[in-house]
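User: Hi! Could you walk me through this one with me?

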Amino acid sequence: MKQTTAQVATRKGLFEFTRDAAGWAITNVAFVGDPVNLTLIDPRDGALYAALDLGHFGVKLHRRERGNGAAGAAPAAADSNAWQEISVPVYPAQPLQTEEHKGEPAWKLNLIWSLETGGADEPGTLWCGTLPGGLFRSRDRGASWELMRSLWDKPERREWMGGGKDTPGIHSICVDPRDSGHLLVGVSCGGAWTSRDDGATWSLTAKGMRAAYMPPEQAGTEQIQDPHRIVRCAGAPDTLWC
């Protein structure tokens with residue numbers, strides 16, 4: 001039987017499970033007692049990323065290389081030193097509260113809400129979606145990040161709003177496996193946005209979504225839609241689920 005592994009991120013740490021002929025077993029535990037809000041395995045190099053929301057200490061991001069503290073050892077043997085803390089996205093200085101920016105949430109990282117790898121032809125490239133609605137890219141495996149101002153500076157962004165949170169957030173990043181420059185991101189609440197030029201320009205592509213809880217004349221407004229998760233089909237990339 002082929003061995004299967006799974007990572008479960010919880011408010012009490014990261015639990016790694018392995019399934020073999022005997023069934024499922026916990027084979028590794030990390031960040032005991034800390035809230036881990038998501039993980040990402042990079043299939044290109046086997047690295048595992050974990051995002052933490054530590055409250056007083058803020059948002060943290062860690063990376064573990066392939067083979068370090070991997071599943072298979074007893075939980076007590078987990079090597080905390082196998083994880084390396086790396087950079088988190090940082091917002092630029094926020095403009096003064098002019099009329100143009102009036103009412104905007106603080107340009108400050110509140111949560112890493114999504115992580116995704118770039119294409120197979122982009123080793124080291126990662127994408128990160130945050131609260132309050134910033135899309136960031138790293139080209140060096142998380143050592144540094146850049147805010148995609150091409151999306152952040154769209155006038156429509158100022159109409160985004162929190163969907164269950166106080167600020168909007170990017171929860172889904174879909175990279176086309178056939179073309180790494182073809183991206184789609186989902187925003188709660190801000191609709192769906194597509195780029196076909198590696199993030200240089202973006203277009204709003206939420207036509208057909210309908211926010212029935214809004215006033216009738218606003219229910220079809222694309223930039224206020226509230227998708228909760230968007231996933232691209234790996235086998236048929238032109239199909240997306242929302």
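Here is a short chat about aromatic contacts and a sheet.

Analyst: Happy to! Just keep in mind that this is a predicted model.

User: Is Trp 152 buried or exposed? And why?

Analyst: Trp 152 counts as buried because its relative accessible area is 3%, and the cut-off for buried is under 20%. Tyr 91 is buried too, at 9%.

User: Which residues make up the aromatic cluster?

Analyst: Tyr 91, Trp 107, Phe 136 and Trp 152 form one cluster. Trp 152 also has Arg 157 over its face, at 3.6 Å from the ring centre.

User: Switching topic: what is the strand order in the open sheet?

Analyst: The four strands run in the order β8-β9-β10-β11, and the pairing is antiparallel. β8 and β11 (146–147) are the edge strands; each has a single partner, so one side of each lacks a neighbour in the sheet.

User: And how many bridges join β9 to β10?

Analyst: Four bridges link β9 (residues 126–131) with β10 (residues 135–138).

User: Nice. What stands opposite Cys 128?

Analyst: That would be Phe 136 in β10. Phe 136 is also one of the aromatic cluster members.

Methods:
Residues are numbered from 1 along each chain as its sequence is written. This is a predicted model: local features need pLDDT of at least 70, side-chain atom pairs count only at pLDDT 80 or more; totals for chains, interfaces and linings use all residues. Side-chain values use heavy atoms; hydrogens and water are left out. Buried means under 20% relative accessible area, exposed over 50%, partly exposed in between (1.4 Å probe, protein chains only). Rings of Phe, Tyr and Trp (its six-membered ring) pair if their centres lie within 6.5 Å; planes under 30 degrees apart count as stacked, over 60 as edge-to-face and the rest as tilted. A charge sits over a ring if NZ of Lys or CZ of Arg is within 6 Å of the ring centre and within 35 degrees of the ring normal. Two strands pair if DSSP finds at least two bridges between them. Helices (H or I, at least four residues) and strands (E, at least two) are DSSP runs, numbered from the N terminus.
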